[in-house]
Amino acid sequence: GAGQTGDGLMATKLRMPALLRLLPAVLLLLLLLASSTSSQSCSAPVLGNDDLYGWIYVVGTSGNIIKSSDAGSTWKCVHCGLMRLTMEDLHDINFYSALRGVAVGNNGVILSTWNGGANWQLNQDFSNHLYGVHIFQPLVIYAVGDAGKVIYTDNGGDTWNQLAQIEAVDAQGVKFFPVLTSIRFTDNSNAIIVGHANFWWLTDDGGATWARNNLTGVAWNEPGVVMRRLALDQLAHFIAVGNKGIMYTITRQTNDQNDAVQFIWKKLNVVAQNLSQVDFFGASTLNSTTFVVVGDDADKGVVYSSIGAAEILQAKDLSAATVKIRRPTSVYMPSTFTSVVATSGGDILRSQDCATTWIQLQVPEAAKATQWMAIDGRSASQESQAAPRIHQCGRMMMVMVVTMTTMVLAKSSVM
């Protein structure tokens, strides 16, 4: 009996160093699991940092801008009431970080902030209405609007210059300057623009020249086509949406030498009773297979979502929900679970179960009559200052890991 006990003790001593060598890897794995979304089940979501923390901005009529610093739970005015620099309607907003943002609107209005909306700089170098803006770098910003105008700044917005004026062709073959609604650069050279036309435009020289391309699956002379929004994720995957139920995924590809870029457009199959009545206004994407699109179907608010499978679109009638959603204009998706929708009816709504059920959020009193036109934000994982914040579940996990490690080390020292 004594010999067997000694053999067991010897085996324990031999195994202990190997166990200790594995502890760092185990600890790292548990920390990674704790700091990310704990569950990927839409039916029973366990919310993570990106669902609870993050910065969201919404713009609308009369120059109003509101902000949330907790992923939509609470809101405050950052450009409302008597503090507004302009009362022009704002059509789009884009944030490069939680602090650096630009909004654009009617009569060439451009509002720029470097401190999360605490202060705004107003510029109005152009008189054209502006409908889309993209901050490519903190100092380099592009905007598009009426009459095919593309403008830019390379000094953070102090001065703006015209970059190009883009042409389209109508159903009779007559050239015109279309309304441009959205622009996104993927690098210094390559960018895409969409607008009120059957085409999309591509530059590979930083915007000096733009090539006109037919929309895949849409006749060049089909009347009344309007493309409204480009959504771009961090890996250069796009979602493009418009009226008549038009929805695309766009993939950026490079050749073997990495010196030429190609954009592959794929038209998605949108199921509706009458596609001609489906009008998409907003889109937000996390990656090529996870995105949310909002719009109207015969005056009923609808959301189409893809959670991990772009070929399987889930459509929901928002007007039939407990919270009525009419005329949704834009959507922001900080995580798989969470989406925030703005509407021209003045409502802000949020879902935290993969765009299935929605709650109405309380907006500031000074902004309640606003028709909201665009939304954008930065998730906690995108912002370095949010990194120290760890979900309660993560803290508990770390306590357990530290406790286990302490017990193992204590047992090892005794042996």
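I will go through the disulfides and then the aromatic contacts of this predicted model. Residues are numbered from 1 along each chain as its sequence is written. Local features need pLDDT of at least 70 and side-chain atom pairs count only at pLDDT 80 or more, while totals for chains, interfaces and linings use all residues, and side-chain values use heavy atoms, with hydrogens and water left out.

Disulfides to begin with. There are two, a disulfide being a pair of cysteine sulfur atoms within 2.5 Å. One joins Cys42 to Cys354, S to S 2.0 Å, and is left-handed, with -80° about the S-S bond. Cys354 counts as buried at 3% relative accessibility, and Cys42 as partly exposed at 25%; buried means under 20% relative accessible area, exposed over 50%, partly exposed in between, with a 1.4 Å probe and protein chains only.

The other disulfide is Cys77 with Cys80, sulfur atoms 2.5 Å apart. This link of Cys77 and Cys80 is also left-handed, at -85°. Cys77 is partly exposed at 28% and Cys80 is buried at 7%. In sequence order of the bonded cysteines, the pairing is 1-4, 2-3.

Now the rings. The structure holds ten aromatic pairs; rings of Phe, Tyr and Trp (its six-membered ring) pair if their centres lie within 6.5 Å, with planes under 30 degrees apart stacked, over 60 edge-to-face and the rest tilted. Tyr248 and Trp265 have centres 5.1 Å apart and planes at 70°, so they are edge-to-face. Both Tyr248 and Trp265 are buried. Phe136, Tyr142, Tyr152, Phe185 and Trp210 make up one aromatic cluster.
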